[in-house]
Amino acid sequence: MKVKRLLNIDLLKLPLNKTIFKVKAKEVGLPPGTLIHVGERKAEKPVISLVNYDQSLFETGTDLTVEEAMVFKETPTVSWINLSGIHDITIIEQFGLNFGIHPLALEDILNTQHRPKLEEFDDYSLIILKQLLFDDKTQTIQTEQVSLVLGPHYLLSFQEIEEDVFGAVRSRLKRGNGRIRQRGPDYLAYALLDTIVDSYFHILEAIGDKLVLLEENLLRNPDQTTLTQIHHYKKELLSLRKAVWPLREVISGLLKNESALISEDTQVFLHDLYDHTIQVFDTVEMFRDTVSGLQDLYMSAMSNRMNEIMKVLTIIASIFIPLTFIAGIYGMNFEYMPELKWDAGYFAIWGVMIVCVVGMLIYFRNKKWL
Amino acid sequence: MKVKRLLNIDLLKLPLNKTIFKVKAKEVGLPPGTLIHVGERKAEKPVISLVNYDQSLFETGTDLTVEEAMVFKETPTVSWINLSGIHDITIIEQFGLNFGIHPLALEDILNTQHRPKLEEFDDYSLIILKQLLFDDKTQTIQTEQVSLVLGPHYLLSFQEIEEDVFGAVRSRLKRGNGRIRQRGPDYLAYALLDTIVDSYFHILEAIGDKLVLLEENLLRNPDQTTLTQIHHYKKELLSLRKAVWPLREVISGLLKNESALISEDTQVFLHDLYDHTIQVFDTVEMFRDTVSGLQDLYMSAMSNRMNEIMKVLTIIASIFIPLTFIAGIYGMNFEYMPELKWDAGYFAIWGVMIVCVVGMLIYFRNKKWL
Amino acid sequence: MKVKRLLNIDLLKLPLNKTIFKVKAKEVGLPPGTLIHVGERKAEKPVISLVNYDQSLFETGTDLTVEEAMVFKETPTVSWINLSGIHDITIIEQFGLNFGIHPLALEDILNTQHRPKLEEFDDYSLIILKQLLFDDKTQTIQTEQVSLVLGPHYLLSFQEIEEDVFGAVRSRLKRGNGRIRQRGPDYLAYALLDTIVDSYFHILEAIGDKLVLLEENLLRNPDQTTLTQIHHYKKELLSLRKAVWPLREVISGLLKNESALISEDTQVFLHDLYDHTIQVFDTVEMFRDTVSGLQDLYMSAMSNRMNEIMKVLTIIASIFIPLTFIAGIYGMNFEYMPELKWDAGYFAIWGVMIVCVVGMLIYFRNKKWL
Amino acid sequence: MKVKRLLNIDLLKLPLNKTIFKVKAKEVGLPPGTLIHVGERKAEKPVISLVNYDQSLFETGTDLTVEEAMVFKETPTVSWINLSGIHDITIIEQFGLNFGIHPLALEDILNTQHRPKLEEFDDYSLIILKQLLFDDKTQTIQTEQVSLVLGPHYLLSFQEIEEDVFGAVRSRLKRGNGRIRQRGPDYLAYALLDTIVDSYFHILEAIGDKLVLLEENLLRNPDQTTLTQIHHYKKELLSLRKAVWPLREVISGLLKNESALISEDTQVFLHDLYDHTIQVFDTVEMFRDTVSGLQDLYMSAMSNRMNEIMKVLTIIASIFIPLTFIAGIYGMNFEYMPELKWDAGYFAIWGVMIVCVVGMLIYFRNKKWL
Amino acid sequence: MKVKRLLNIDLLKLPLNKTIFKVKAKEVGLPPGTLIHVGERKAEKPVISLVNYDQSLFETGTDLTVEEAMVFKETPTVSWINLSGIHDITIIEQFGLNFGIHPLALEDILNTQHRPKLEEFDDYSLIILKQLLFDDKTQTIQTEQVSLVLGPHYLLSFQEIEEDVFGAVRSRLKRGNGRIRQRGPDYLAYALLDTIVDSYFHILEAIGDKLVLLEENLLRNPDQTTLTQIHHYKKELLSLRKAVWPLREVISGLLKNESALISEDTQVFLHDLYDHTIQVFDTVEMFRDTVSGLQDLYMSAMSNRMNEIMKVLTIIASIFIPLTFIAGIYGMNFEYMPELKWDAGYFAIWGVMIVCVVGMLIYFRNKKWL
């Protein structure tokens, strides 16, 4: 039943997941630091929202301008300024000017195909990550870039889409009783990273479930779509790996960070996050190994089926071809064929044929083909 | 006979071992350090038991409360407090409060899918490991998480199941004449680790035995279940590898530990344990290599069998198809066919046919197909 | 339609891309530092051009002699001297003499098959790179060597071809308002490197597009040219990898450079460039993985097709061979064959045959061959 | 002829080499340092023998007790005490007591499945190695563990079997004119190690010879046992690799040894030995690569043979099936078949058939199937 | 045409290249430093020749004795003493005595199967290398060992064969105007190393050319010898890799050398040589990758051909088997078969048959089998 459900998704009819092959190059020769948005436009209109808090204070704002947001840059409270929709270059430029962000950092934020990375500047750090979402309908992983700029009293976050993937963190802030309100922007950055890594586990959970079904299906009833599906999940795992592998470096870079931006208290949490990242990576690798194993199983299942088909043909052909020959002999029209005159000739021939058949059946049984 | 025994376990009829694909993600956005039990509940009711000893003293207790256990935290004797059944979050929380354990450490103890790891805190170390059991009936490896918290005078151990996997260590403590009673909790931790690594050898022994049978079976009588079995053991070895690989880091971390928790005397023993871990890992890798070799052998055996089947069909068809044609010729009803009138026509035709057959047999023998 | 376009390029009819196998050895025993041009001559006539600039000044010159160029070596302005066409050894020798370049460096500049590398000399650094161009007609990557000699106030660039691949940089210099005019030759070298790495993204974009088509084609209608195409792109990716892999070392070498040649400001940009190089490399590796996956898919598609063909043969042969035998039986000319006399004999035989056919169809349907 | 010799060893009839899968676990929960003999008992009765020498002195003794042997521990001469047969735990225990050897070291000596290793204790070093012997009859590698305990004035060696594998070293000592009598126990240990590494070259020589035969056989006359043989040597190379890989670490450990146990003079020799070990390892890896190549060749040879068989069947069937059909046509009993009445009908049909055959032969020749 | 040339070399008829499997072990238990010549004797008679030079002086000598050669050891001029033919142990011994070379170094020089290595002694360095020659007739790589002993004022070179592979260096010395006469023995050693590495490029060039032909041949007309040839070049590349891989370490060892033997001037040249070695290694690896690709192509080409053969058989058999059945039906001798009496029966049957054939052809065309 569950297997059926999987099979209902006819991957051949779905649009192929071509994102793995999509590389978008910027125009050759543009000066570095030129701000261009690379990627699809995923949000209607860029929205700047703000959460400003400390242990006692909690205020929020939406639809701010960059100038309004900048006010909170130097306040001793923690200011989390989030931009949803990064396709508007002027807004990014304003952020750059007001918050003193290096043009190269801005270029990376705008390039939605950037590799996850951590780069430390004098008074802020840039973290680029991939938020991954598993689209159940197409069974593909949707990648979306999230960039964080971590300063002494503020955290800027840049998202491609409008949806609030960090809603849970916002609620925790609002509730106000947790650890998060007592700490600085470094802990907030950690909380966002943690949310993202948690979402990777969800993708692994989803893919793992599919692989169980795929394996069952493979052992029960392999068909021609099975390999297409194996190929499909292989590609998805490859693109998951592409997001996770550099993330490891990012978090280990934060751990080794010697600047004052990351407090020692937060280090313990980052260490824990690092463990989770390793676990995601290990699981991806194990899944990839196992998917390769499934492919071998499939190839062998196909070859077994072929063998079985050939066996049937061989047995039928091997039995009837000689019999047909015998019948052919006595269908000849020679004038002098003594056997034809015998009274029991016909029955004798039946006897000979039955002996042939029995002999062959015994031979095949000995060969273990029956 | 022995081979038969293996074949009696029809792996296709067993439930597939899906644990390798099972990833359980926590809910997105929960604050880190939130205590949730991840995994199945394997014990009826959590039981706290205690062994308190030094060179002369030896006392035990069962069914204690956390408060009763906490009394032994600061005593100069070695206190080993064991919790069987970790699904009750309140008990874990109490341990956290009473023994001053970091919420992240508690979270890891509760997450039964955690990767083996060592984490050092200010006045205790957290060790997470996998206890592996080989279930002979399903031929699968059962994984169970064991967490140790090693403090200056105490050792906390957390197990998922009720069974006492550390019974042997308890007996050695009771006997009282060995090295174990003269040393601190670090040696006790080592003794528990040693028990776990020893159990890995038992799993390798069990899998090795099966692989011998599988190889024999493969060379004598390969069939369609063989590859399923190869695939099965490949997955088991993969999950064994997943437990052993990080264990190496754990023990080497303990060896490099500079805190006062691990005495120099114990280091020698840990070094020995490290050697054993490497040996387990090497053997797992060698088994994996060999299982890959078995798969190649299987594919080739199948292809050989196919060749043999084809050979039989080819020989029979190649011999009889021309003969049938000859018979067909003289079955034609043309009014003027001179051969039909000949007296010896029928026998001449038999002669021609026998010459054909002999010629072909010679040809096939030259081709080494016979 | 798009697929058709791909298929119109019949790779079998194109000249094979043999460059991957082309190694050109110099004559054995020539003293090291002997200047020989290794490779094809790609430019008509070597042309030396100059751009001399600082924040306020901007002058250019073409068709200079080496002596004329040398004048600019020690001027405090930044002098970019470019040589297009490196096959004329005397010009290279003059450069060596006038700019004090080590004979080994000159030899490397002339050897167009050199591996990308960075070598630091006392007062200049030599950077060797590959400019790659994707030839859409032959679907191959054309490799061209670019060498840079970075001195305190000058940058020499050596190109194999006449075309100005660095035209965009030249325009940026001319426009004069950007960062580039305010910085030294190290930033200019970075700008050239950046142009080259950007062009790698274009190649990846082009190959990625082709791989999408190839995958679609593979799933819809695989034929014998498909594998040749897979093999083709595999080789192209291999030669791309060959250019990118050592580039990583080159840029990381520049980053670690402790000489005064690279200013700290430029380091930030080089760091960004390094990220891009890693991303190119990662993408090449992912493409290679995926192309391997495509090959597996192809092999399996072929084997599936084979199975289908065999199935048809088996079903037809298995049904008709026994029927033909039955017909053969009643074609025998025995004098006494009771069935032949029966009135309904002929129809009875039809009945028997129909039962046979139906039985077999049911059997095949059960086997899921129909 | 030589090939025949190889084929006479029917590996399928030999007992399978199962040692690669044999893991012997000790009982769970035994305290570490518990002395148990793991492995087969290979010697009748443990025999302790002694060689005591310096530049001028040379005395030997056999069948000593441990107490008698211990006398030589502190003498300034070099005392080499050898125990053949390690299954008697009490003797090992006595060695432990008298020579002050750590219980863990004793446990390792007794565990004949231990991984080669070097462990340094305060005043002695433990070296565990594998002596390998190639059994020509079964074509398998026999592994035997040799343990050395190197002290300031003595060298203890522990062997599993009675045979004196170190006979050559003993003779060199007796001859007395060489370097060996002038140096300490470290050089003696080196000499024993050297003997063992030399024996690895002999195994490589033997396997190399077999692989030559296997390759010849494969190219001339591959059959179903060939892959079994390839699989066999693959496993042997795997077990050789398992012994050699850690040996590298052992010798590099001795080279880095900073204790006074290894003199500088001996270091030069150890360096040489290290080179040999690397060479053995490289050769094992190259053999493994080549054996994989042989396997590919075999698979392809099999598939070529299959193709050839299919070709013959195709040609015969394709030629005769249409001919038989034609004959069938004119075997029909329709009352009105005009051709049957023609005088030349029969011969015309022969003509048609010959045209068919010739046409097909031309077609097949064009297809290069003939 | 060119392809033909390749095919004329029938590798199956050539003696197999067995050197890859040839390991020659020395007798077990010989004391280390025992001088034995391992390998074939390749020269008639050992010949010692001398070149003694400095900037102004240049003198040569041939057929010297070791004593005569030794005179030049301490002269301030550079003395290059070359021994061609190393099978005479007494000469090597004399070199050892007169030049103070360690017995282990001598042993390595005599062991022509030694791995390339660099070993530094107190006042000289030993360099062991492989001179490789590509034998065009057998298409195999011939390996020959060259050992260099680099002292403060002298360079000893030991070659297996008589031919002067270093003739070009000798000529450069004679010409006297180059850098080589102005520098010490370290530069001479570099010049010899450079000659050897240059010769590797020639081998790559030769193999590259063959691989181009092999690829063309594979795409046009693959046959059964193609895989044998792929296997052949795979083995040659493996043995090339075996020589190049340790060479990297040798040259990087010379670069890190801190003794006074290597002057700083020479370091620049060694650095360049190191680059070349890396390039050789990279190319070998790329060739190996591509050869693997060729093998996949071959397997697929074979499988495609198989498919085509099967298709023809299927089509012919599928068309004629039913037709033959129909003819068989009307060849039956039932007394009452109404169709036989019909006037148009015969032609009706032809009609039925033609309908069958057309139907099947349409079906096959739809399936894209035609």
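The structure here is a predicted model.

- Asp63(B) sits in a loop of chain B, between β2 (58–61) and α2 (66–70).
- The phi angle of Asp63(B) is near 55°. That is a positive value, and the residue is not a glycine.
- Asp63(D) lies in the loop between β2 (58–61) and α2 (66–70) of chain D.
- Phi is positive in Asp63(D) too, at about 55°, although this residue is not a glycine.
- Is Asp63(D) buried or exposed? Asp63(D) has 11 other C-beta atoms within 10 Å, so Asp63(D) is exposed.

**Leu156(A), a buried residue**

- Leu156(A) belongs to strand β7 of chain A, which covers residues 154–159.
- A residue counts as buried if 20 or more other C-beta atoms lie within 10 Å of its own. Leu156(A) has 24 C-beta neighbours inside 10 Å, so Leu156(A) is buried.
- Which residues touch Leu156(A), leaving aside its neighbours within four places in sequence? They are Ile81(A), Phe95(A), Phe99(A), Leu148(A) and Val149(A).
- Asp54(A) is 102 residues from Leu156(A) in sequence. In space, the two are 16 Å apart, C-alpha to C-alpha.

**Chain A as a whole**

- Chain A holds 10 helices and seven strands.
- Chain A is more spread out than a compact globule, because its radius of gyration is 34 Å. The globule rule gives 21 Å for 370 residues, and the value for chain A is well over that.
- The C-alpha trace of chain A spans about 120 × 45 × 35 Å along its principal axes.
- Of the 370 residues in chain A, 44% are buried.
- Take the contacts in chain A between residues at least 6 apart in sequence. Of these, 70% join residues at least 24 apart.

**Strand pairing in chain C**

- Strand β1 (residues 47–53) of chain C runs antiparallel to strand β3 (residues 78–84) of chain C. Seven bridges join them.
- Within this pairing, Leu50(C) has Ile81(C) in β3(C) as its bridge partner.
- β1(C) also runs antiparallel to strand β2 (residues 58–61) of chain C, with four bridges between them.
- Which residue in β2(C) is the bridge partner of Val51(C)? The partner is Thr60(C).
- β1(C) and β2(C) form a hairpin, with four residues joining them.

**Where chain A meets chain C**

- The contact involves 52 residues of chain A and 57 residues of chain C.
- On the side of chain A, these elements give two or more residues: β4 (117–120), α7 (224–256), α8 (264–329), α9 (338–341) and α10 (345–366).
- Which element gives the most to this side of chain A? It is α8(A), with 17 residues.
- The side of chain A that touches chain C has 28 nonpolar, 11 polar and 13 charged residues.
- The copies meet through different surfaces, because only 13% of the interface residues of chain A are also interface residues in chain C.

**How chains A and C are related**

- Two copies of a chain are related by a rotation about an axis and a shift along it.
- For chain A and chain C, the turn is 72° and the shift along the axis is 0.1 Å.
- Which C-alpha of chain A is nearest the axis? It is that of Gly331(A), 4.7 Å from the axis.

**Where chain E meets chain D**

- Here 52 residues of chain E are in contact with 58 residues of chain D.
- On the side of chain E, two or more residues come from each of β4 (117–120), α7 (224–256), α8 (264–329), α9 (338–341) and α10 (345–366) of chain E.
- α8(E) gives the most to this side, with 17 residues.
- By class, the side of chain E that touches chain D has 28 nonpolar, 11 polar and 13 charged residues.

Terms used: Residues are numbered from 1 along each chain as its sequence is written. Chains are lettered from A and ligands numbered from 1 in the order in which they are written. This is a predicted model: local features need pLDDT of at least 70, side-chain atom pairs count only at pLDDT 80 or more; totals for chains, interfaces and linings use all residues. A residue is buried if 20 or more other C-beta atoms lie within 10 Å of its own, exposed if 12 or fewer, and partly exposed in between; C-beta atoms are placed from the backbone. The radius of gyration is taken over C-alpha atoms; the globule rule is 2.2 Å times the number of residues to the power 0.38. Two residues are in contact if their C-beta atoms, placed from the backbone, lie within 7 Å. Two strands pair if DSSP finds at least two bridges between them. Ala, Val, Leu, Ile, Met, Phe, Trp, Tyr, Cys and Pro count as nonpolar, Asp, Glu, Lys and Arg as charged, and the others, Gly among them, as polar. Copies are superposed by least squares on the C-alpha atoms of residues with pLDDT of at least 70 in both.
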